[in-house]
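Trainee: I would like to learn how to read charged pairs in a protein model. Could you walk me through them?

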Amino acid sequence: MSSNNQQYVQPPKQDKVKSATTELRGAYQYLQPSYWKRKIWHLLFVFPIVLMIDEVIVGGLFSTWPLSPVAGIVALALAVVSAYFYPFSLYWYKGSFIGRVLNGMFYFGGFWAVIGKIIATIVGGCLIAGVLAPIAGPLTLKKARKNNWVLGEDKDFD
């Protein structure tokens, strides 16, 4: 108490501090359930290719022979992180400049050439999102937490 009879109250202390693992487990609460369940099927295709791309990138950094096992472990760890954050990264990709440009392109040519280009654009977009997932995924999650957003596509909210 102060000299003029005013009481000051301290804010309550937090009993529990959230750990990083609790934060990671709770990340999918910011995704519409039907959205992330639908994107899990993408991972059957994306994960092996992202693992190969990560092995090439990391293998170039750790190119000396004694460090090659380390390169494999680092590449596998990056691929697992990519798999976890893939739904967030795919959401980011669809709203990004490159995603809007690739998904909004007009294709010219024969029927099968156009179909092939569309499939290549879809597959390429999934791979871009997969490779950039360790960076774009956490940033998208951070933004969703800050703004209390639930991420998904329009059909998830109908």
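Mentor: Happy to! Let's begin with a term: a residue is buried when its relative accessible area is under 20%, exposed when over 50%, and partly exposed in between. Keep in mind that this is a predicted model.

Trainee: Is Arg38 buried, exposed or partly exposed?

Mentor: Arg38 has 25% relative accessibility, so Arg38 counts as partly exposed.

Trainee: And what is the idea behind a salt bridge?

Mentor: Side chains of opposite charge can pair when their charged atoms come close. Here, the structure holds four salt bridges. In one of them, Arg38 meets Asp156, at 2.9 Å from N to O. Arg38 lies in helix H2 and Asp156 in the segment after H6, so this bridge joins distant parts of the chain, 118 residues apart. Asp156 is buried, at 7% relative accessible area.

Trainee: Which residues form salt bridges with Glu153?

Mentor: Lys39 is one partner, with its closest N and O atoms 3.1 Å apart. Lys94 sits in helix H3, 59 residues from Glu153.

Trainee: How accessible are these residues?

Mentor: Lys39 is buried at 4%, and Glu153 is buried at 17%. Lys94, at 38%, is partly exposed.

Trainee: How do I put the pairs together?

Mentor: Look for shared partners. Arg38, Lys39, Lys94, Glu153 and Asp156 are linked in a network of salt bridges.

Technical notes
Residues are numbered from 1 along each chain as its sequence is written. This is a predicted model: local features need pLDDT of at least 70, side-chain atom pairs count only at pLDDT 80 or more; totals for chains, interfaces and linings use all residues. Side-chain values use heavy atoms; hydrogens and water are left out. A salt bridge is a side-chain nitrogen of Lys or Arg within 4 Å of a carboxyl oxygen of Asp or Glu. Helices (H or I, at least four residues) and strands (E, at least two) are DSSP runs, numbered from the N terminus. Buried means under 20% relative accessible area, exposed over 50%, partly exposed in between (1.4 Å probe, protein chains only).
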